[in-house]
Amino acid sequence: KVTSVDAKEGKLRVKTKDKEVNLTTDSKSTKAALEKLKVGDTAKVFERDGMVIAASPVKAESKSKAGQ
């Protein structure tokens, strides 16, 4: 889960099952991806040595179908 995100600064904090992790990025494209995340989102994050390589929100599947 995303606990903090600052796309302009390239900072992301996520909580995993057993710890909270602080990540950063300098990449313009990755910062743009962080703009799509908000606190509370479940996200798929790829990182290397504390640097975000890619991040994207994971959409929760709707339990009810549209129109019902």
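Reader: Let's start in a loop: between which strands does Asp49 lie?

Author: Quick ground rules: this is a predicted model, where local features need pLDDT of at least 70, side-chain atom pairs count only at pLDDT 80 or more, and totals for chains, interfaces and linings use all residues. Residues are numbered from 1 along each chain as its sequence is written, and side-chain values use heavy atoms, with hydrogens and water left out. Helices (H or I, at least four residues) and strands (E, at least two) are DSSP runs, numbered from the N terminus. With that in place, Asp49 sits in the loop between strand 4 and strand 5.

Reader: Is Asp49 buried or exposed?

Author: Buried means under 20% relative accessible area, exposed over 50%, and partly exposed is in between (1.4 Å probe, protein chains only). Asp49 has 76% relative accessibility, so Asp49 counts as exposed.

Reader: What is the phi of Asp49 in its hairpin?

Author: The hairpin is made of strand 4 and strand 5, with two residues between the strands. Those strands run antiparallel and are joined by six bridges; two strands pair if DSSP finds at least two bridges between them. Asp49 is a residue other than glycine, yet its phi is positive, near 55°.

Reader: Which residue is the bridge partner of Ala43 in strand 5?

Author: Ala43 belongs to the pairing of strand 4 (43-48) with strand 5 (51-57). Its bridge partner there is Pro57.

Reader: Which residue takes a positive phi in the hairpin of strand 1 and strand 2?

Author: Strand 1 (residues 2-6) pairs with strand 2 in the antiparallel sense over four bridges, and Val2 stands opposite Val14. The hairpin has four residues between the strands. The one with a positive phi, near 75°, is Gly10.

Reader: Zooming out, in what order do the elements of the chain run?

Author: The chain has one helix and five strands. From the N terminus on, they run β-β-β-α-β-β.

Reader: Which residues make up the largest nonpolar core?

Author: A nonpolar core is a set of buried Ala, Val, Leu, Ile, Met, Phe, Trp, Tyr and Cys residues joined through side-chain atoms within 4.5 Å. The largest one has nine residues: Val2, Ala7, Leu12, Val14, Leu23, Leu34, Leu37, Val52 and Ala55. The elements giving two or more residues to this core are strand 2 (11-15) and strand 5 (51-57).

Reader: Which residues does Leu37 touch?

Author: Contact means heavy atoms within 4.5 Å. Leu37 is itself a member of the largest nonpolar core. Not counting residues up to four places away in sequence, it touches Val2, Val5, Leu12, Ala43, Ala55, Ser56 and Pro57.

Reader: Why does Thr25 count as buried?

Author: Thr25 lies in the loop between strand 3 (20-24) and helix 1 (28-34). Not counting residues up to four places away in sequence, Thr25 touches Glu9, Gly10, Thr30, Lys31, Leu34, Met51 and Val52. It is buried because its relative accessible area is 3%.

Reader: At what distance does the side chain of Thr25 reach the backbone nitrogen of Ser27?

Author: A polar contact is a pair of N or O atoms within 3.5 Å; within protein, one must be able to donate a hydrogen and the other to accept it, and residues adjacent in sequence count only if both atoms are side-chain atoms. For Thr25 and the backbone nitrogen of Ser27, the distance is 3.2 Å.

Reader: Which residue's side chain joins that of Asn22 in a polar contact?

Author: Asn22 is found in strand 3 and is exposed at 53% relative accessibility. Not counting residues up to four places away in sequence, it touches Leu12, Arg13 and Gly50. The polar contact, at 2.7 Å, is with Arg13.
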